[in-house]
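Please read it alongside the model.

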Amino acid sequence: MNVGTNVSDDCVTEFNNLKLGKQYRYVIYRLDKDKNEIVVDHKGARDSTYAEFVSHLQNESRYAVYDYHAQTDDVPPRQIEKLVFIFWSPDTNQPVKQKMAYAAGKEALKKKLNGLSKEIQANEPSEVEEAEIKKTVLN
Amino acid sequence: MNSDEIISVVADIGNLYTRAGFTGDDFPRWSTFTKCTETMQFGDESLGYGNGQVLDILQPFNPDLYENLLKKMFEKLGVQSKDYSLLLANNFQTKHDLQKVVEILFESVEIPNFFTIRNAALSTFSAGRSTALILDIGAYSTTASAVHDGYTLLKTQIQAPIGGEILNEPFRQYVVGEYNQFKKTCLARDIKQGLLTYEQIDTTQQYELPDGKFIQMQQAQLSEIADKLFNSNDNFKGIQHMLLDIINNSVNDIKQQLCSTVISTGGSSNIPGFLNKLQTTLSALAPPMCKIKLVMYPSNQNRYHSVFIGGSILASLSSFQSLWVAKNEYQESGKFSIIERKCPN
């Protein structure tokens with residue numbers, strides 16, 4: 001349900017820089033409470049590691065797009081690349097209102113990002129481990 | 001809450017309880033029974049005394065009594081209905097009933113703005129999620145729904161005529177004294193809330209009656225009563241099967257998410273040991289690859305008011321303010337069609 005949260009133009013620009021320009025490995029977005037707008041929080045360089053990405057997911061909710069590359073177990077192995085949308089919504093220490101504002105704003109952001117293949121919702125660190133994203137991409 | 005935020009009224013009018021209050025509050029300021037006396041008195045003080053009839057406002061839906069309840073609500077909240085937008089939880093059985101209520105609200109109660117959304121979606125939001133498998137154990141019926149990105153998926157929604165009230169019956173026998181039916185049920189409900197448990201108890205449970213006498217019940221007796229929610233009979237499959245049916249009927253993409261976001265709401269979810277029993281029962285029956293995970297509310301109290309809290313938060317979001325249906329929009333657009341367009345379901 002789209003509750004009409006604003007999405008800054010920057011969000012789409014940087015998404016395209018990732019998707020088409022291959023400039024980043026990931027883009028992280030946050031909800032600017034004062035402006036009631038989703039803005040870019042952090043961009044990861046193309047050679048960033050998954051661990052670096054996860055280090056940005058702390059006690060506040062975030063949205064992210066990650067350009068994930070995986071190899072299948074086939075012989076010979078196939079290369080799969082997918083743009084994964086990650087909704088990070090930790091249960092601990094976050095006021096319900098903030099969690100809900102993020103949950104409500106998700107659709108508005110997703111609508112603006114064309115070309116997302118998969119989505120993960122993670123509420124605790126184990127749900128956003130690299131094994132989880134790899135499993136999602138390969139299925 | 002900053003001073004720029006506009007306050008609205010949020011109401012969850014259920015078959016047994018009505019809860020109403022303001023956006024931003026985490027507790028409904030007015031909580032009453034969705035029933036009244038023949039002389040239009042509300043509240044358990046009026047309902048529990050005398051031998052006059054206690055009238056149901058819902059089940060079946062009575063528009064005149066409903067209108068009185070709405071007006072009473074604004075009076076009890078201490079505000080003028082003309083000045084406050086209203087978010088009403090949608091638990092209506094038919095579009096026709098909802099249509100009638102919207103008409104009453106705009107034309108008779110005269111609210112300026114309106115919005116409605118399914119109970120299940122509000123219970124989901126109040127757990128900080130937008131996707132979940134909701135088990136709502138109400139008073140007279142239980143509803144299981146899949147909510148995806150805030151939309152309640154009505155095609156897979158299942159309702160059964162078993163709810164918390166049916167668990168009162170075995171406790172009625174302990175209610176002695178001259179009371180009317182309504183009061184007797186309230187007392188039986190109290191005893192149930194004091195004694196009923198799924199947990200293994202070492203000693204027999206005790207409950208002290210108003211006259212000082214104690215009631216004792218054995219584990220076996222209590223289990224038999226509590227298990228009514230899980231056992232199947234002629235018109236009921238058991239709550240676990242209601243949830244499994246939805247899981248099995250849902251598209252693969254959301255199956256996993258539903259399984260890992262199961263939320264039980266409604267007062268009966270607070271019966272000691274209920275959540276554990278639900279978790280184990282569901283996990284044993286769930287399809288492979290689907291790990292069942294129950295999502296908890298911050299406090300047990302939330303289970304009585306999850307619909308209200310969800311509404312309170314939703315209608316306080318600044319991004320939500322553009323979604324209200326205004327009175328003039330309603331009147332100019334041919335009335336109900338605008339509700340269908342602007343309120344997802």
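Helix H4 (residues 130-138) of chain A lies across strand E4 (62-71), E5 and E6 of chain A, and its direction is about 70 degrees from that of E4(A). The model is predicted: local features need pLDDT of at least 70, side-chain atom pairs count only at pLDDT 80 or more, totals for chains, interfaces and linings use all residues, and side-chain values use heavy atoms, with hydrogens and water left out. Residues are numbered from 1 along each chain as its sequence is written, with chains lettered from A and ligands numbered from 1 in the order in which they are written.

**Terms**
- Helices (H or I, at least four residues) and strands (E, at least two) are DSSP runs, numbered from the N terminus.
- Axes are lines fitted to C-alpha atoms, for helices over the stretch in contact (heavy atoms within 4.5 Å), and angles run from 0 to 180 degrees between N-to-C directions.
- Two strands pair if DSSP finds at least two bridges between them.

**Sheet of chain A**
- Six strands form an open sheet of mixed pairing, in the order E1-E3-E2-E4-E5-E6.
- Strands E1 (6-7) and E6 (118-122) of chain A are at the edges with a single partner strand each, so one side of each has no neighbour in the sheet.
- E5 (residues 79-88) and E6 of chain A run parallel, joined by 5 bridges, and A:Ile86 is opposite A:Ile120.

**Strand E7 of chain B**
- E6(B) (residues 86-90) runs parallel to E7(B) over 5 bridges, with B:Asn90 opposite B:Arg118.
- E15(B) (residues 325-326) pairs antiparallel with E7(B) over 2 bridges, and B:Ala326 is the bridge partner of B:Asn113.
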